[in-house]
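Keep the structure open while you read.

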Amino acid sequence: MELLIVTYHYVDDPKKFKAGIYPISPEAFQDQMEGLSRTHQFISEGDLLDAISGVRPFAKPSCLVTFDDGLASQMHFAVPILEKQKIPAVFFVTTQPYTSGKAATVHKIHYLLSQVPAETLKTEAEDSYKKLTGEILNWLAERLREAEEWYIYDDLVTARLKFLLNHYLDSEKTDHIVDDLFARHYRDGEAAFAKELYFSQNDLKMIKDNPLFAVGLHTHTHLNIQKALESAVKSDITANYSYLSEHLGMTIRGISYPYGMISETEYEKKVVTIGKELGLLYGVTTVKGVNTDLTRPFFLKRLNPNDLKEELE
């Protein structure tokens, strides 16, 4: 068995952004879909669930196309290509933008990096940290190595900043610092930013009504499950599910873990119980690789556009 799962985030014109967001262009996205069509059969979420249950195993090399975050650029540029080529896809959506007009912290970081030099943001983040804690941020050598290993496509300063905010600091400190920087550099207000960045309600309804597409969980707030407390994870996943399932009437069967990684220990402690309660049947990570079996359906591997480019060459 060979199951390739690919994941996309921003699909847009790369010339619009200096750094931080790194979108794949619509033209490159179309080229990847055409390249995959020559080597794999595209499958739907339903096909994946049939294979997991053993009803219908994959006879040919197969590919599942996925999107994280529910970004408007996916609707504007990727969905028309998918519809034209009749390619199924799963969209893993955060729901906080619809209930409170708030954007995920990680997306505010992406925006800041696309507008402000990373060195400037790093200095401002350290200043904000000092004002918040009264302490000077101490970068240890092993943390520098972790940053480089985690963000292999970024320069060192950008990697350090992303690692600092996404993984090193606790979420409360990160949110405070990012909100401080975002208020300095984005003047129109967070609600306007969220409205422009994410799917609209009509977009979500269109995806729901299109038989090619399925929707999955990505937590309510784009929560870092690996770092968060068990109670916070349960609350966040439940809120995500409730909005999509109960408010919009969607059938939800899968989850994409924000930041892409989750250990066996953290999964067993924080996700397995609530996953069973909600009827979840699979989970996708950003661990790189091709799936050769489905014995661990909540730890499915995925490739990003950069990985896929190498795979198709």
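## Helix 3 and helix 11

In this predicted model, helix 3 (residues 72-85) and helix 11 (residues 201-209) have axes that come within 13 Å. These axes cross at roughly 15 degrees. Angles under 35 degrees count as roughly parallel, so helix 3 is roughly parallel to helix 11. The crossing of helix 3 past helix 11 is left-handed.

Which residues meet here? Helix 3 brings Met75, Val79 and Glu83. Helix 11 brings Asp203, Met206 and Ile207. By class, the contact of helix 3 with helix 11 has 4 nonpolar residues, 2 charged ones and no polar ones.

## Helix 6 and helix 9

Now take another pair. Helix 6 (residues 118-133) packs against helix 9 (residues 171-185) with the axes 10 Å apart. The angle is about 125 degrees, which makes helix 6 oblique to helix 9. The crossing of helix 6 and helix 9 is right-handed.

From helix 6, the contact includes Leu121, Glu124, Ala125 and Ser128, along with Tyr129, Leu132 and Thr133. From helix 9 come Lys173, His176, Ile177, Asp180, Leu181, Arg184 and His185. The residues of this contact divide into 6 nonpolar, 4 polar and 4 charged.

## Helix 8 and Thr158

Is helix 8 mostly covered or mostly uncovered? Helix 8 is mostly covered, with 10 of its 13 residues buried. Among the buried residues are Leu161, Phe163, Leu164 and Leu165. Arg160, Lys162 and His167 are also on the buried list.

Helix 8 falls short of a straight helix in its span. Its end C-alpha atoms are only 15 Å apart. A straight helix would reach 18 Å at 1.5 Å a residue.

Thr158 lies in helix 8, which covers residues 156-168. Its relative accessibility is 2%, so Thr158 counts as buried. The cut-off for buried is under 20%. Not counting residues up to four places away in sequence, Thr158 touches Leu113 and Ala118.

## Pro258 in a loop

Where is Pro258? Pro258 sits in the loop between strand 6 (254-256) and helix 13 (264-270). Pro258 has 2% relative accessibility and therefore counts as buried.

What is Pro258 in contact with, leaving aside its neighbours within four places in sequence? The contacts are His218, Thr219, His222, Leu223 and Ile225. Thr221 is 37 residues from Pro258 in sequence. In space, Pro258 and Thr221 are 9.3 Å apart, C-alpha to C-alpha.

Note on methods. Residues are numbered from 1 along each chain as its sequence is written. This is a predicted model: local features need pLDDT of at least 70, side-chain atom pairs count only at pLDDT 80 or more; totals for chains, interfaces and linings use all residues. Side-chain values use heavy atoms; hydrogens and water are left out. Axes are lines fitted to C-alpha atoms, for helices over the stretch in contact, and angles run from 0 to 180 degrees between N-to-C directions. Helices (H or I, at least four residues) and strands (E, at least two) are DSSP runs, numbered from the N terminus. Angles under 35 degrees count as roughly parallel, over 145 as roughly antiparallel, 65 to 115 as roughly perpendicular and the rest as oblique. A crossing is left-handed if the near helix is turned anticlockwise from the far one by less than a right angle, and right-handed if clockwise. Contact means heavy atoms within 4.5 Å. Ala, Val, Leu, Ile, Met, Phe, Trp, Tyr, Cys and Pro count as nonpolar, Asp, Glu, Lys and Arg as charged, and the others, Gly among them, as polar. Buried means under 20% relative accessible area, exposed over 50%, partly exposed in between (1.4 Å probe, protein chains only). The expected span of a helix is 1.5 Å times one less than its number of residues.
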